[in-house]
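Visitor: Hi! Could you walk me through this one?
Guide: Happy to, here it is.

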Amino acid sequence: MPKKYPSAFVSISFKKKDVKIRDFFKEIVSSFDIDPIIADKPRPIPPPKKIKDLISNSNFFIAVLLREKKISNNKWNSSDYVNHEIGI
């Protein structure tokens, strides 16, 4: 399939329970004729240079923050990987 232009790096959870959400966002991004870039499954280390390059070479950055860890009564944290990618 030819690459669409522009592209968007989509930072999102890779947990099995989030597959439908990830696919949903890929479809939304694609519906605007934007090529969704989603990295391979993350490793338990800070994002490698590959991630930085994918983000740098994309026209857009989309972070999908999902409730992952409850930290207090009405406060939640999202994926550590997504939070780190936001900071790149």
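Guide: We'll take the inside, then the surface, then a loop and a strand.

Guide: This is a predicted model, where local features need pLDDT of at least 70, side-chain atom pairs count only at pLDDT 80 or more, and totals for chains, interfaces and linings use all residues. Residues are numbered from 1 along each chain as its sequence is written, and side-chain values use heavy atoms, leaving out hydrogens and water.

Visitor: Which residues form the largest nonpolar core?
Guide: Six of them: Ala8, Val10, Ile12, Val29, Ile34 and Val64. A core here is a set of buried Ala, Val, Leu, Ile, Met, Phe, Trp, Tyr and Cys residues joined through side-chain atoms within 4.5 Å; buried is under 20% relative accessible area, exposed over 50%, partly exposed in between (1.4 Å probe, protein chains only).

Visitor: And is there another core? What's in it?
Guide: Another core of five residues lies apart from that one, with Phe9, Ile37, Ala39 and Ile51 among them.

Visitor: Switching topic: is Ile28 buried or partly exposed?
Guide: Ile28 is partly exposed, at a relative accessible area of 32%.

Visitor: Where does Asp33 sit?
Guide: Asp33 is in the loop between H1 and strand E2 (35-37); helices (H or I, at least four residues) and strands (E, at least two) are DSSP runs, numbered from the N terminus. Its phi is near 55°, a positive value in a residue other than glycine.

Visitor: What does Lys70 touch?
Guide: Beyond its neighbours within four places in sequence, Lys70 is in contact (heavy atoms within 4.5 Å) with Lys75 and Trp76. Lys70 belongs to strand E4, residues 69-72.
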